[in-house]
Amino acid sequence: MPNFRLAIPNAHFHKHWHDSAAHKGRIRQWHNQAARKHRRREARLAKAQAVFPRPVAGMLRPVVHCQTIRYNAKKRAGKGFTLDELKEAGINKREARGVGISVDFRRKNRTEQSLRENVDRLKQYKANLIVFPKKSNRAKPKATDSSKGEQGKAEQLIGDIMPIVKAAPKIVPYKITDADKKAKVFFTLRMERSNAKLVGKREVARKKKQAAEAEAAKTKV
């Protein structure tokens, strides 16, 4: 008889480590995980040094609403600013990319609210912008270039440029009154649901009653 006090055998003899005619190797090894992590970090540092003093994240993106009725209440970063938004902010569409502003020639403004929001975003970015000259040995700097003092204070931005922050909902306290305590919310909801359901039947009954009353009035005459 077997000894039931011993451990149940649970040996993993069905791991197919290598490809063969009968089985395909299902085990994926990841021994270079640490090396990949180091390589990604070195690539990020090299990119930051190459684009200095520009932001590491790239260009400034507009605030747009997500698609479909399910997600259109949420906001995210879009592809680029529209021509109307750039015009309202006083930025040339041909010079926008040179100062780190993305442009989307296909997107259109559907509402005045989104237009105002992105115009304010552009103006805030423009107020904090530090423009370096293309040539450091230029005798006379351009009017759009920043001063030497501002250039000396410039620091490279790491992370998203003007990240989209979700506004926290404001909860207004409300004092419960005696009328609120006496109100029957569930009963009211059920009655309104019933009234909405019986609109057609009640209309038919009302017309029948009016027709019967008119017929009765004719017979009396």
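**Notes on the model**

1. The structure holds five salt bridges, a salt bridge being a side-chain nitrogen of Lys or Arg within 4 Å of a carboxyl oxygen of Asp or Glu. This is a predicted model, in which local features need pLDDT of at least 70, side-chain atom pairs count only at pLDDT 80 or more, and totals for chains, interfaces and linings use all residues. Residues are numbered from 1 along each chain as its sequence is written, and side-chain values use heavy atoms, with hydrogens and water left out.

2. One of the salt bridges joins Glu117 and Lys75, at 3.1 Å from N to O. The pair links distant parts of the chain, with Glu117 in helix α4 and Lys75 in strand β2 (residues 75–77), 42 residues apart. Helices (H or I, at least four residues) and strands (E, at least two) are DSSP runs, numbered from the N terminus. Glu117 is partly exposed at 28% relative accessible area, and Lys75 is partly exposed at 38%; here buried means under 20%, exposed over 50%, and partly exposed in between (1.4 Å probe, protein chains only).

3. Glu85 and Arg107 meet in a salt bridge at 3.0 Å, N to O. Glu85 lies in helix α3 and Arg107 in the loop between α3 and α4, 22 residues apart. Glu85 is buried, with a relative accessible area of 0%.

4. Arg116 pairs with Glu112, their closest N and O atoms being 3.4 Å apart. Because they are four residues apart in helix α4, about one helical turn separates them. Glu88, Glu112 and Arg116 are linked in a network of salt bridges.

5. Ser102 sits in the loop between α3 (83–89) and α4 (112–127) and is buried at 2% relative accessible area. Its side chain reaches the backbone oxygen of Lys79 at 3.2 Å. Beyond four places in sequence, Ser102 has contacts (heavy atoms within 4.5 Å) with residues including Met59, Leu60 and Phe81.

6. Leu83, in helix α3, is partly exposed at 33% relative accessibility.

Methods: Polar contact = N/O pair within 3.5 Å; in protein donor to acceptor, adjacent residues only side chain to side chain.
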